[in-house]
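Dear colleague,

I am passing on the structure below, together with notes on what turned up in it. Please read the notes with the model open beside them.

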Amino acid sequence: MAGTKDAEKQQKPEQLTTVFDLLPRSSARPQCFRSTTQEILFILVATMGAAMPSVLQGCTIVISSFVGSDLNMTTSQITWMTAASALTSGSFLLFFGKVADLFGRRTIFIVSLFLFAVFALATGFSRNAITLDVLNGVLGLVCAATVPTCQGILGSIYDQPCKRRNYAFACFSAGNPLGFVFGSIFAGIATQLFGWRAAFWLLAIIYFVVTIIAYFIVPVDYSDKLPLSLQSLKQFDVTGTALTISGIGLLSFGLSIGSDAPQGWKTPYVLVFLILGVLMIIVFVWWECHCPYPLMPMNIWRDREFSLLMAILVLGFLAFPPMTLFVALYLQELSKYSALMTAIHMLPMVISGIIVNIIAGLVLHSVSNKLLMGIGAVAYTVAFLLVAVQRSGDSYWAFTFPSLAIVVVGADLEFNVANMYVMSSLPKSQQSIAGSIFQTATKLSVTIGLSIYTAIFRSVSEHPAATGYYAHDPFEPYAATFWCAMASTFASLLLVPFLKIKTQGHE
């Protein structure tokens, strides 16, 4: 009889541990939560953490023309408001992801929420373009500490495939696109009533409240942690950290300043930054393959599905954030909308984003994820086509409105599928580094995309067409960026047939 029981335990160990395990996993609340209310509040806080970079981006994009006018900023300085935070965030994500996995996530998460509130408050007092761009870079650094840690906490709590995990990660993923739109709306309202500085002060208030809530409801981190000692530091990849920060930083910086340099991309120091950045990234990859305690587990890239998913996601994110920037700019510059009206006209992204994330949480486990990625790539491409073919004076409802509603379908579906796969590809002890790999790819693609589209915008602005579809049309530079965005997402569509991924999140 004892032997029979032992055999049953070996066959179904998950059904004989706790009362919670006797319930369907989709209905079992993780034991670290005292109540459903605490669980909901935790997911809300985690979503706000994931939304932090997007909230900042949405805020800076909507107020960009008003800040530029007030501080006499050039087009490049205006784009640096967004690029600076993307640069620092992308450079330090792997570093903070590894630190969180080794030494604990909860403290880093809460402290970074508080620091974001502090520096957002300081940004509102900026008196010149340099100060504003530098503080945006600091805010990006804080985002780098926040996103992988909250993603790691979420991944360690919901570590088993189930519908509840799908719902939690769908809410978390919603933070990325919805954060942008809510950041836009709040910034637009604050700017309309009190001026652009109030937009940053409002961010400070919101995240100060989130910090207080997080302090009381984020569960204690019981995952394996190393004590802060010399022996523990030997397990930290200092060389890899230096290479990735320097490489990504130099590459991003070179891309960001290239279009504004005296000789453009041929300027010697721009070429030096780009070449050194690429070389350091190459050396980083080599080092990670030989380091006993790598910052990034390189074996994850041997997974064919993982590599394809990341390629498709990156091609989409090369286009999505820059598209929103230039849509906001032409609404302000050509249509002469106020910050509030700009935010209202970008509201379709909110409604569409909420609906798409709800659907994603419900279908990830039952609908082919390859099909979802294909729908996302098609939605991206159609959205950019719609916004590209319009001209000055064309109807917002005929072109921009459907484009904004459709583009979020692409962003959210691809983000949900790729995020779920990445978090499932590494063990519980490496959930933060898994999140940082995912976020680094997206942030670096944002920086590259912004630099490419800014260069295209400037080039077309300086050499407008005298004949053709956009002849003498001030919308032509914007259209050029949207056509380039469509080319990027169409390339991602061509990769979808090679995917073999089916469904994710089975109980």
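K98 is buried, because its relative accessible area is 11% and buried means under 20% (exposed is over 50%, partly exposed in between, with a 1.4 Å probe and protein chains only). K98 lies in helix α4, which covers residues 75-103; helices here are DSSP runs of H or I with at least four residues, and strands are runs of E with at least two, numbered from the N terminus. The C-alpha atom of K98 is 9.3 Å from that of A434, although 336 residues separate the two along the chain.

Please bear in mind that this is a predicted model, in which local features need pLDDT of at least 70 and side-chain atom pairs count only at pLDDT 80 or more, while totals for chains, interfaces and linings use all residues. Residues are numbered from 1 along each chain as its sequence is written, and side-chain values use heavy atoms, with hydrogens and water left out.

As for the chain as a whole, the protein has 19 helices and zero strands, and 57% of its 507 residues count as buried. If one takes the contacts (heavy atoms within 4.5 Å) between residues at least 6 apart in sequence, 81% join residues at least 24 apart.

Leaving aside residues up to four places away in sequence, I63 touches M81, A187, T191, W196, A199 and F200.

Two helix pairs may also interest you. Helix α2 (residues 36-62) packs against helix α6 (residues 129-157) at an angle of about 155°, with the axes 9 Å apart; axes are lines fitted to C-alpha atoms over the stretch in contact, and angles run from 0 to 180 degrees between N-to-C directions. The two helices are therefore roughly antiparallel, a term for angles over 145 degrees. Among the residues making this contact are F42, A46 and G49 of α2 and N136, L139 and G140 of α6.

In the other pair, α12 (residues 304-317) and α17 pack at an angle of about 145°, with their axes 10 Å apart. The residues that meet there include E305, F306 and L309 in α12 and E414, F415 and V417 in α17.

Key:
Parallel < 35°, antiparallel > 145°, perpendicular 65-115°, else oblique.
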